[in-house]
Amino acid sequence: MRRAIALACVAACLSAAAQDADPGGRYEQRIADLVLAPRGAEVERVGLNPRLHEGDAALYFDEDPEGLYAPFALEVALRRLLGFDALEVRVDEETGVLLARTSPGGRGRLDRQLAWLRAVERQRVEVRLRAYLLEAWPGAELRPGAALSPEAARALASQRPWAELEVSLPDGVRVAGVALRRELAFLGDYEVNQTGVVPVLNPQRSVFREGLWAALRLSRMPAEARAVLEFDLGFARHEGAEQVEFRPGLPLVLPRWSELAAEGSCVVTGARTLVLAAVQDTDGAGDGRALVITAEVGALPPALAPPDEAVVLRRYAWGALDRPRRDAADSGLSLDEGGPWSSDQRRERIAEALPGAVDPERWSDESFVTQWTSGLVVCQAGATQRRVAEHLQASWAQRQRTVGHWLQVVRAGGEPRARLAVAACEGWPGSIAWQRKQACLSEVERSAGAVSVRFRDPGDDPLVKTFAHGLTLEVQGVEVGGSLRVHVDLRRRALEAGQERVRTPWGELTRPVEGWSWRVEESVRQGRGPALAGEVRAPGAPTLQVRLDSRMEGSK
């Protein structure tokens with residue numbers, strides 16, 4: 001009996017060992033939330049025909065939306081995690097399904113690794129954007145990038161937001177959203193089809209989307225409740241339309257609207273409400289109203305400690321790490337963000353230098369570092385990951401301070417004619433553009449088959465052009481020798497009040513006349529209080545002064 005029991009125990013042990021050593025067990029898990037682009041990565045903008053006129057993404061949002069982790073990086077990391085137990089590891093890039101063949105012990109390690117990744121990526125930060133359209137500028141001081149003062153908070157609390165948008169942000173990943181007030185469709189143009197014998201005039205449908213649009217990316221520090229919020233904002237408000245007849249029975253609807261575009265960044269240190277951008281223009285492009293956009297940022301979640309495993313995969317958001325850094329040795333200051341290397345080259349240099357900067361002796365040969373759009377992906381032991389976080393934390397701490405740029409255009413000795421405010425991190429550019437636009441029938445183009453100018457040919461093509469007038473500000477502040485140096489590029493486009501009459505063989509057209517415009521481009525050393533950034537003496541216009549007040553976080 002004892003012999004039979006002993007033989008049964010030995011057989012059970014051998015069977016368990018054989019199962020654990022058998023790498024043929026199938027493992028399948030859907031990980032689309034880790035490798036595919038999140039929902040909301042791309043949302044249609046606001047304005048006139050936004051699909052036809054995409055934004056230029058002047059700052060940092062020029063890459064295509066991607067998932068949190070590169071599929072190839074996950075495959076390599078999971079193979080090294082499994083070691084000899086990995087017979088096959090594959091991630092389907094279309095469906096986001098992980099397929100593996102490994103032992104029961106390997107399947108347990110996969111479960112723990114994916115649970116750790118999901119625990120980290122489930123940490124989201126809620127951001128609520130509000131756009132206030134005010135009849136007059138609020139009396140309280142609005143410092144872009146800084147928390148609202150009690151006076152400013154009370155002034156805005158008494159107003160109803162024109163638009164409100166809430167976005168949930170993962171670490172280091174761009175997410176876009178839109179608060180759409182209304183969508184208008186109308187006959188906005190005609191297109192000539194000349195594929196047949198007789199040209200055919202086809203009506204074209206135009207769409208105007210009124211509301212607030214935003215693309216946001218919040219990158220958290222590796223080991224501290226501190227983050228950088230990058231923003232790309234769009235605002236469009238419909239102000240009316242004119243209906244004209246291109247020919248009897250062929251109407252056109254020509255809209256008028258106001259539009260804001262702002263890009264910048266700011267440092268977030270906890271739950272607070274920040275002013276991202278503000279504008280008021282009473283001289284040409286504005287009706288005296290003020291537009292203020294705020295961001296109510298939720299609490300930043302604490303950093304999670306990696307598990308004590310032999311191999312751990314972790315993603316660190318780029319944040320300030322891959323931004324070009326300028327110092328006193330730089331001979332010039334411009335708004336060119338290219339730097340000495342491209343963004344991909346800077347990321348490669350960071351990845352190559354990381355092992356030597358952390359601890360070459362503890363750096364496992366089985367680990368790896370790779371760069372991805374959403375961050376730096378490191379595969380290392382849990383203890384070494386903590387050292388990586390400390391090293392990257394120190395690099396971030398030297399690069400993160402907000403500069404609030406506040407600019408006024410005033411008549412000499414008079415009241416402000418325009419106000420522009422935007423936040424941008426030190427060394428990073430910011431921009432804000434406020435324009436009023438109108439679509440006009442500017443001219444008529446004859447079709448290729450027209451041989452007479454006495455009659456309106458069926459193929460006459462109306463050309464609808466958008467005329468814009470307003471202010472555009474690009475600004476960048478860099479700390480040099482303990483003081484702040486700010487480069488300002490301010491441009492005004494204006495339209496004269498009159499209309500230009502254009503005679504054509506098909507009738508008379510009227511269109512706006514582009515009038516005087518000016519530009520101020522200056523590098524200013526900013527001290528305490530406003531500094532004169534330049535004066536404008538345009539022909540036929542009063543003398544204007546451009547006053548700048550840029551303040552860095554921690555200064556008064």
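View 1: Does Glu75 count as buried or exposed? With a relative accessibility of 16%, Glu75 is buried, where buried means under 20% relative accessible area, exposed over 50% and partly exposed in between, using a 1.4 Å probe and protein chains only. What you are looking at is a predicted model, so local features need pLDDT of at least 70, side-chain atom pairs count only at pLDDT 80 or more, and totals for chains, interfaces and linings use all residues. Residues are numbered from 1 along each chain as its sequence is written, and side-chain values use heavy atoms, with hydrogens and water left out. Glu75 sits in helix H3, residues 71-82; helices (H or I, at least four residues) and strands (E, at least two) are DSSP runs, numbered from the N terminus. Leaving out residues up to four places away in sequence, Glu75 touches Val89, Arg90 and Val91, a contact being heavy atoms within 4.5 Å.

**View 2: The whole protein, for orientation.** Step back for a moment and you can find seven helices and 25 strands. The protein has 556 residues, and 51% of them count as buried. Take the contacts with a separation of 6 or more: 71% of them link residues 24 or more positions apart. The accessible surface is about 26,200 Å², with 47% of it belonging to carbon and sulfur atoms; these areas come from the Shrake-Rupley method with a 1.4 Å probe, and for residues only the protein chains shown count as cover.

**View 3: Gly106 in helix H4.** This glycine is found in helix H4. Gly106 counts as buried because its relative accessibility is 0%. Look for Leu82 and Asp85, which Gly106 contacts once neighbours within four places in sequence are set aside. Gly83 lies 23 residues from Gly106 along the chain, and their C-alpha atoms are separated by 8.8 Å.

View 4: In soluble globular proteins, nonpolar side chains tend to be buried together. Here the largest nonpolar core has 60 residues; such a core is a set of buried Ala, Val, Leu, Ile, Met, Phe, Trp, Tyr and Cys residues joined through side-chain atoms within 4.5 Å. Leu129, Leu216, Leu291, Val297, Leu407, Ile432 and Leu490 have the most contacts inside it. Zoom in on Leu407 and, ignoring neighbours within four places in sequence, you will see contacts with Ala418, Arg419, Leu420, Leu473, Val488, Leu490, Val546, Arg547 and Leu548. A second, separate core holds 30 residues, including Leu34, Ala70, Leu110 and Leu114.

**View 5: Leu471 and the residues around it.** Leu471 belongs to strand E19, residues 461-480. Its relative accessibility is 1%, so Leu471 counts as buried. Not counting residues up to four places away in sequence, Leu471 touches Asp281, Ala418, Leu420, Ile432, Ala433, Trp434, Leu490, Arg491, Arg492 and Trp518. One of these partners, Leu420, is 51 residues away in sequence and 8.8 Å away in space, C-alpha to C-alpha.

**View 6: Gly240 in strand E9.** Gly240 has its place in strand E9, residues 227-247. This glycine counts as buried because its relative accessibility is 18%. Beyond its neighbours within four places in sequence, Gly240 contacts Pro255 and Arg256. Leu254 is 14 residues from Gly240 along the chain, with 8.7 Å between the two C-alpha atoms.

**View 7: Ala225 in a loop.** Follow the chain out of strand E8 (200-220) towards E9 and you reach the loop that holds Ala225. At 43% relative accessible area, Ala225 is partly exposed. Apart from neighbours within four places in sequence, Ala225 is in contact with Thr269 and Leu300. Pro302 is 77 residues away from Ala225 in sequence, yet 6.2 Å away in space, C-alpha to C-alpha.

View 8: Rolling a probe the size of a water molecule over the atoms shows where empty space is left. The structure holds five cavities of 30 Å³ or more; a cavity is a set of points, on a 1 Å grid over the protein atoms alone, where a 1.4 Å probe fits but cannot get out, and lining residues have an atom within 4 Å of a point.

Key: On a 1 Å grid over the protein atoms alone, a cavity is a set of points where a 1.4 Å probe fits but cannot get out, and a pocket is an open set with protein on both sides within 12 Å along at least five of seven lines; lining residues have an atom within 4 Å of a point. Grid points are joined across faces, edges and corners, and a volume is the space filled by probe spheres set on the points.
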